Amino acid sequence: VQLQASGGGLVQAGGSLRLSCAASGRTSSGVAMGWFRQDPGKEREFVAAISWSGYSTYYADSVKGRFTISRDNAKNTKNTAYLQMNSLQPEDTAVYYCAAKLTYYSGSVYLSPFEYDYWGQGTQVTVSS
């Protein structure tokens, strides 16, 4: 499975960005997905996760109410996840990574980076004050 993330950039405080993550490759199981972020010198931080079915989501307290994770499971865009980020603040500045977890549990979400099997290359989000 390969992940391709896109959508990062520079935005002013209060602005919005939408990140995308497309997972390619054939799997015999479903794919749960998540977003993490990391500042230099810090540990990778959980941001949001979505189940294989798309019916379950979970957010870090720091982004709850501002970020929305979703996914498109249509045949031609299968396993594409999105992170809509609104009301961005300077403390949201980081490299954002998408991750994929192979699973047979359609409703499960995964919060630890150690639970994920595949990672995208990261996309920089910079929020200026």
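Start by selecting cysteine 21 and cysteine 98: both of them are buried. Keep in mind as you click around that you're looking at a predicted model.

Now show the side chains of that pair. The sulfur atoms of cysteine 21 and cysteine 98 sit 2.1 Å apart, and the two residues form a disulfide. How many disulfides does the count come to? It comes to 1. Zoom in on the S-S bond and look along it: the angle about the bond is 60 degrees, and the link between cysteine 21 and cysteine 98 is right-handed.

Next, colour the two strands that hold these cysteines. Cysteine 21 is in strand β3 (residues 17-24) and cysteine 98 is in strand β9 (residues 94-103), so the pair ties together parts that are 77 residues apart in sequence.

Stay with β3 and bring in its sheet. Select β1, β3, β8 and β7, in that order, and you'll have walked across an open sheet of 4 strands with antiparallel pairing. Which strands are at the edges? Those are β1 (2-6) and β7 (67-72), each of which pairs on one side only. Turn the view and compare neighbours: on average, neighbouring strands of this sheet are turned by 15 degrees against each other, ignoring direction.

For the last stop, hide everything but β3 and strand β8 (residues 80-85). These two pair in the antiparallel sense, over 6 bridges.

Terms used: Residues numbered from 1 in each chain as written. Predicted model: local features only at pLDDT ≥ 70, side-chain atom pairs only at ≥ 80, totals over all residues. Heavy atoms only, no water. Disulfide = S-S within 2.5 Å. Buried < 20%, exposed > 50% of the residue type's maximum accessible area, 1.4 Å probe, protein only. Pairing = 2+ DSSP bridges. Axes fitted to C-alpha atoms, helices over the stretch in contact; angles between N-to-C directions.
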